[in-house]
Each structure stands twice: as structure tokens, then as C-alpha cells.
Amino acid sequence: MQYEALTIPDVVLITPKLFEDERGFFFESFRQNEFEKHCGCYHFVQDNHSASSQGVLRGLHYQLKYPQGKLVRVTKGTVFDVAVDLRVNSDTYGHWVGRTLDDQNKQMLWVPPGFAHGFYVISEYAEFQYKCTEYYVPDDQYAIAWNDEDIGIIWPLSGESPLILSEKDKNAKEWKMITHNNKY
């Protein structure tokens, strides 16, 4: 696998080596020792799998007491995936990075603990899978507005399909309203 640190160096784009022939394909999607070498020593405790239709935007989600690191990938379709640095002592605090992940490039994105995470579904349908370093704790789930002007994420929104948000994401707070509660 190839590991590429992005403009926020702790966020890493992982491109697997794909072996294809007339039967189909094979690739290694995770190897602990290589992951530790390039991303750090983390232990995954939970795997999640979601399906979404075109126009769904999930996020920007984060946790305070039990921050989750997430190794994300798309197994069907195409999404634009985003990480926002919430670590107050970081040189990239408040900055974001985004990448298009799909079932063709098979790339993965490592989003460390201390980041807000979200994605937007570009294709007609997408399946999204991710490994987490902490268990899901319902009372420790928060959201920042996906369109917060202070963060300034440039989402590749399609005018062809309506934007679909959960109630939680519709009511998410602005960046300036949540920063005083941040402990990272």
C-alpha cells in the first residue's frame, strides 16, 4: 500500500496495490504493522457500514470524551470525504482536507482522533465502511454545520439532486459556537 500524508499531515490517504485479472481483483485492505508505521499505533474496536443515496451529506461529526479515529473507505459508489482538525494545539487547527473516495480507486482515508468527519454522496448510491478506534457512545456525538463559513469546506454539491441531511446535521452548531468546548 502507498501512504500519503495530506495537507494536514496526520490525515493519510492510503492507496492499496490492486491485483486484477480475468477473475476479478484482490487487494490487501489493512495491515496493522504498515498502518502503525505510517499512521500511528491505534487499535480498532468497531467496524461500521452505511448505505446512502445521492445527495446525502453526513457530518461533520465528532466526539469529545471518546474521540474516534476512523479508517474510511467506499465499497460501492463515490463520496467526497472530509476531515476537520479540532486539535487546539495543532498548526492546522480549524483547517479541513477532503478527498474523493470510490469503488474504483479503492483508496482509504485515515482520520485520526481529534477530527470532525463528514462525507457527501456523489454517485446515485454509495456504501461506506469504516473502522473506529473507539466504540460508538450515543451521548458523546456532536456535529458542526457542514456549511460553516469559518471552516469553508468546498463540497462538490450536485445541482441535479437535493441535499439530504439528518435532523441532527440540519441543527448542527457553527464552528465558533463549539470551539470553547473543545478539549483536544
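Me: Which side-chain polar atom lies 3.0 Å from the backbone nitrogen of Tyr 136, by residue?
Reply: The model is a predicted one. Tyr 136 is among the residues touched by Gln 46. The backbone nitrogen of Tyr 136 lies 3.0 Å from a polar atom in the side chain of Gln 46.

Me: Is Gln 46 buried or exposed?
Reply: Gln 46 belongs to strand β5, residues 46-53. The cut-off for burial is under 20% relative accessible area. Because its relative accessibility is 19%, Gln 46 counts as buried.

Me: What is the length of the polar contact between the side chains of Gln 46 and Asn 48?
Reply: Polar contacts are pairs of N or O atoms within 3.5 Å. The side chains of Gln 46 and Asn 48 are joined by such a contact, and its length is 2.9 Å.

Me: How many helices and strands are there in the protein chain?
Reply: Among the strands is β5, which holds Gln 46, and another is β7, which holds Lys 70. For the protein chain, the count is 3 helices and 13 strands.

Me: What radius of gyration does the protein chain have, and how does that agree with a compact globule?
Reply: The C-alpha atoms fill a box of roughly 55 × 40 × 30 Å along the principal axes. A compact globule with 184 residues would have a radius of gyration near 16 Å, so the value for the protein chain agrees, at 16 Å.

Me: Why does Lys 70 count as buried?
Reply: Lys 70 lies in strand β7, residues 70-76. Lys 70 counts as buried because its relative accessibility is 7%.

Me: With which side chain does the side chain of Gln 129 make a polar contact?
Reply: Gln 129 is in strand β12, residues 125-132, and is partly exposed, with a relative accessible area of 23%. Beyond four places in sequence, Gln 129 is in contact with Asn 48, His 49, Leu 71, Val 72, Arg 73 and Thr 75. The polar contact of 3.4 Å is with the side chain of Thr 75.

Me: Which two residues are joined by a cis peptide bond?
Reply: Most peptide bonds are trans. With omega at about 15°, the cis peptide bond joins Gly 59 and Leu 60.

Me: What is the phi of Lys 106?
Reply: Most residues other than glycine have a negative phi. Lys 106 is in the loop between β9 (96-102) and β10 (108-111), and is buried, with a relative accessible area of 13%. Although Lys 106 is not a glycine, its phi is positive, at about 55°.

Me: How far apart do the centres of the positive and negative side chains lie?
Reply: The accessible surface of the protein chain comes to about 9,800 Å², of which 47% belongs to carbon and sulfur atoms. The chain has 18 positive and 26 negative side chains, and the centres of the two sets are separated by 4 Å.

Definitions and conventions
Residues are numbered from 1 along each chain as its sequence is written. This is a predicted model: local features need pLDDT of at least 70, side-chain atom pairs count only at pLDDT 80 or more; totals for chains, interfaces and linings use all residues. Side-chain values use heavy atoms; hydrogens and water are left out. Helices (H or I, at least four residues) and strands (E, at least two) are DSSP runs, numbered from the N terminus. Buried means under 20% relative accessible area, exposed over 50%, partly exposed in between (1.4 Å probe, protein chains only). A polar contact is a pair of N or O atoms within 3.5 Å; within protein, one must be able to donate a hydrogen and the other to accept it, and residues adjacent in sequence count only if both atoms are side-chain atoms. Contact means heavy atoms within 4.5 Å. The radius of gyration is taken over C-alpha atoms; the globule rule is 2.2 Å times the number of residues to the power 0.38. Accessible areas come from the Shrake-Rupley method with a 1.4 Å probe; for residues, only the protein chains shown count as cover. Lys and Arg count as positive and Asp and Glu as negative; His and the chain ends are not counted. The place of a charge is taken as NZ of Lys, CZ of Arg, CG of Asp or CD of Glu.
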